[in-house]
Amino acid sequence: QVQLVESGGGLVQAGGSLRLSCAASGSIFSINTMGWYRQAPGKQRELVAAITSSGRTNYADSVKGRFTISRDYGKNTVYLQMNSLKPEDTGDYYCNWRRTGAFDNGINYWGKGTLVTVSS
């Protein structure tokens, strides 16, 4: 089992910044991917950004150039720095952890989510 605890959401004006954090604990397998997904009201959950244990990153086109994902491997923590926020970035942001590649067992772990609200 892997437990994920998110923090850092809140209310911000358009053009502002927020930083989300997600700390993982429990049975942490070393080959993994951590990521952030978001779900806007009435929409499906979508990938925002992900980073593997080797440091490879992947971003949704809508956030490229504005968001940066990073990891602190010693703390098993992933961060999402969000700049130039837009109202369409509003939603619940969920942290995700899963094994990667040949070690992927199909199990996804999720945090409880943190709400980001961007006002216009």
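What follows is a short chat about aromatic rings in a predicted model. Local features here need pLDDT of at least 70 and side-chain atom pairs pLDDT 80 or more, while totals for chains, interfaces and linings use all residues. Residues are numbered from 1 along each chain as its sequence is written, and side-chain values use heavy atoms, with hydrogens and water left out.

Student: How many aromatic pairs does a search of the whole structure find?
Tutor: Rings of Phe, Tyr and Trp (its six-membered ring) pair if their centres lie within 6.5 Å. Run over the whole structure, the search gives a count of three.

Student: What kind of pair do phenylalanine 29 and phenylalanine 103 make?
Tutor: Planes under 30 degrees apart count as stacked, over 60 as edge-to-face and the rest as tilted. These two ring centres are 5.1 Å apart with planes at 50°, so the pair is tilted.

Student: And which kind do tyrosine 37 and tryptophan 110 make?
Tutor: Their ring centres are 5.0 Å apart. The planes sit at 70°, so this pair is edge-to-face.

Student: Is tyrosine 37 buried or exposed?
Tutor: Buried means under 20% relative accessible area, exposed over 50%, and partly exposed in between (1.4 Å probe, protein chains only). Tyrosine 37 comes in at 19%, so it counts as buried.

Student: Which residue's charged end sits over the ring of phenylalanine 29?
Tutor: A charge sits over a ring if NZ of Lys or CZ of Arg is within 6 Å of the ring centre and within 35 degrees of the ring normal. Here the charged end is 4.3 Å from the centre of the phenylalanine 29 ring, and it belongs to arginine 99.
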